Amino acid sequence: MYGWAGTILTIDLSKEQIIKEPLDMDTAEKFLGSDGIGVKLLWERVPAGTPPLDPANIICFGSGPLTGTFCPNSGKMSSVFKSPTTGLIGVSTAGGFFGPELKEAGYDLIVLMGKAKKPVWIWIDDDDVEIRDAAHMWGKTAWEAIDIIHEEVGDVPTITIGPAGENQMFGAFCLVMRSRALGGVGSGAVMGSKNVKAIGVRGTKGVQVYRPDEFMKKCKEAKDKIMSHPVYAGFARYGTPQWSPVLIAQGVVPVRNFQEGVFPEGEEFLDPETPCKEVFVKSDACEGCVIHCGHWCEVRSGPYKGTKTEGLEWYAEYMFGPYIGCTDWGFVTKASVECNNLGIGFGAAGMIAWLMELYQRGIISKKDVDGLELTWGNQEAALEVLRKMAYREGIGDILAQGWEKAAEELGGKDFQPLITRLITTECPRARMDVALSHIVSVRGGDHNKALPYFAWICPPEYIHKNWPDWPKETPDIYNPIGKPEIVDWIEDWKCVNDSLTVCYWSTSVTMPGGTNPTDYAELLTYATGVEYDEKKLLEAGRRIAVLERAFNVREGWGRDVYQLSPMFTDRAFPRGSQAGVKADMKVINEMVDKFLERKGFDSKTGYPRKETLEQLGLDFAIKQLRKLGRIID
Amino acid sequence: MAIRVTVQYFTLLKRTIGTGKEEYELEEGETVADLWIKILKKFGAEMEKGGYIDAVTKEPKSIIIAMSRIGVLGLRHVGLYDGLKTELKDGDLIAMYPPVMGG
Amino acid sequence: MEQLIVFDPEECCGCKRCEKICSWVHDKVFSKARSRVRCVKWETEGVYLPLSCFQCETPFCVAVCPVGAIAKDEMGVVIIDEQKCVNCRLCLQACPFGMIDFNPVARTVIKCDMCKELDYKPQCVEECPTEALRLAPLDERAGLLKRRTAMETLRKQREMVLDKTTVA
């Protein structure tokens, strides 16, 4: 088997059965890898309307045909499941080392189905797969569980949940290694609902490619393209915190729950040289990576002195920085470590900012939040909220049930900065690329699935040259024209990235003029022996993107799912270059309509058109949607 | 008539030239290209070392130049104005940084 | 000219590209388990140590081999002759640095051969993105790279200390 490993490993936790199936090659060719194949399995194996924390939900973990090979930055993995955070499809990706090790053990995908009677962990040792008792790990933090696993079987890559996942908290994630996360949409809660504490894997079989010499030559070309790209140097030194200038210069730093866009007191904090001086020790990387955007971090002074971890990226910097009015890298490090250990996603951690706003406005008081003083910038209170959410203690039990339940109990719904059920650090008030990509994102409104990163950093001529049929207004991020085109394109390309699996930072998702779909089509052809070109590759991406959106429709979500909180439509930044601008739903809805039509969905209902599914070979989805009356024939 | 513009430098560019923010006085009608020449007068050596000057045209290389202007919504790539030929106005804020990614 | 691979944990980002390319060069498969260079990682400490055979002047492995299968070649590289080797694994036991390992698929002992087949151009050095593995001539310049790295670390630490104590 070349590229792909050739086996799907299904663990039926209810029946305590381990099932190995050969990967169907037609599926592999059409759906590429973990994101695509995962979505197809989700569609086939999970009945419509299944509650996400029900044993009938599945969670898939896996990677793709390029994972484990020498393709630069292919050391990623994806997880696919029905999300308890949003009720939509849940797709999360992570770096680290688990994906490649799973391939080296001979598996493309793990599927967890059913529910174990008592806490278990899965040990995959090449061909030997065991469901092991996890009573001695249950209740422990993620890092404690990893320590126990490493004692038992050696230093292997792991996926673990913390107490948040065990307690099925809405925003719990699966931790990959010690600092990478399958985050955003509740993968940890699903794993916890199945009573699975962890998965460990060891692989010695390795990964083969079909045309080795051409493959390795192309890998070298890809590596050179990546390392000589203008984005590379800053990325290699700073990692994702280098994104700050874009937000600072625009005046859209998400300060104190989007109250402000400028953060003068945080000027030094947001300068990426500051973490270099204060906490970064050296670069850190995922498997096979040439960018090494991560860092090994150590807090050298202050109340969190001695805190050490790999990681520290953009989301942590912002959620535990300007979002809650803090400017302390020691605290960012500490909060990161807490989240990773408790297994809480940074998106859920955004609840802290929301609570602080309610506290500021007197909508809640100390007695509503177990005596916590939720003033802006109160670090201890913030950490306490995280712990309460993970352990479902006191107010944490309400918060752990999600944004809607929390608003029912505490009020302040209009202050939740939700875009289609998720929160983010990007502001959709004036930026049309942010507004559209977030509101239509299949997994909910964050930056992952559809934000066209590259649009911001390339000269406008680059977009005109490469996509001459797109409107000339496309590169202007404040103009709604052209946004449906660019978001539509990037969504397909990102699905490809998430299935191959390769890291966005190494491809033209991020690096305009960098390694592009044609390059990956070549790599894929050499690796697998199956012929691909750019057209076929992006068509596979479109197939995946459409199926993901059709899944949401199947689960009951139509046009009405695309929502923007009053935080963005009724409030504006008071200062900065986007001051006074509120999100205009009329304009945004027009973009959404155009986008849906372009994707092959009816803009009025949000349902897919039959031809769309047929043209992409998704006929198997038609019958079920027709039965539910959620298709346009 | 004199106009004042503010230039902000970020990330590796800031590290290379050692300055984060400064003001420039220009004549009405002067362009981004004219501003660049003034910047090079101060930081030419550093810019050269950082690889930020095109060898042939002497234009900025591998730098995003974006601008926000009073009365105009948002920060935009100068390519959406008139590129390097963009005429500057009093109060313009120019942000310069190597292409950055994150999120 | 004899060469030395210089290992620099200060620069190692733990990506394991060295392990991947090594198994490729020798076994035409991507299998970190079969690499001859190993990055030992203490993930709770952020210490990542890429290491491969030190090519000792008086190798322990050579001394214990009962069939004389191991010898230093003309470039000073310690090579296991696969034809003679009986895979008794005494060399694996004897190496005090743990630089000889076992290939679980081929069931043979393996060690770094400085990519002899590729004209002594170690590919791990070639593919390391942070220069944590570098080549130095095996003469009086052997320690130069390490000294430079050490001085650089001291310089950075000095900068950090001065930043905190400088009066504005």
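Chain A is divided into domain 1 (7–202), domain 2 (241–408) and domain 3 (432–627), with bounds that come from an automatic or database domain assignment. This is a predicted model, in which local features need pLDDT of at least 70 and side-chain atom pairs count only at pLDDT 80 or more, while totals for chains, interfaces and linings use all residues. Residues are numbered from 1 along each chain as its sequence is written, and chains are lettered from A and ligands numbered from 1 in the order in which they are written.

**Domain 1 and domain 3**

- The centres of domain 1 and domain 3 of chain A, taken over C-alpha atoms, are separated by 26 Å.
- Their contact takes 39 residues from domain 1 and 33 residues from domain 3 of chain A, where contact requires C-beta atoms, placed from the backbone, to lie within 7 Å.
- Helix 2 (34–45) of chain A is among the elements that each supply at least two residues of the domain 1 side, and helix 2 of chain A gives the most to that side, with seven residues; helices (H or I, at least four residues) are DSSP runs numbered from the N terminus, as are strands (E, at least two).

**Helix 13 and helix 16**

- The axes of helix 13 (residues 329–342) and helix 16 (residues 379–391) of chain A come within 10 Å and cross at roughly 5 degrees, the axes being lines fitted to C-alpha atoms over the stretch in contact, with angles running from 0 to 180 degrees between N-to-C directions.
- Helix 13 and helix 16 of chain A are therefore roughly parallel to each other, a term that covers angles under 35 degrees.
- Residues of helix 13 of chain A including Phe331(A) and Leu342(A) meet residues of helix 16 of chain A including Gln379(A) and Ala390(A).

Technical notes
Angles under 35 degrees count as roughly parallel, over 145 as roughly antiparallel, 65 to 115 as roughly perpendicular and the rest as oblique. Two residues are in contact if their C-beta atoms, placed from the backbone, lie within 7 Å.
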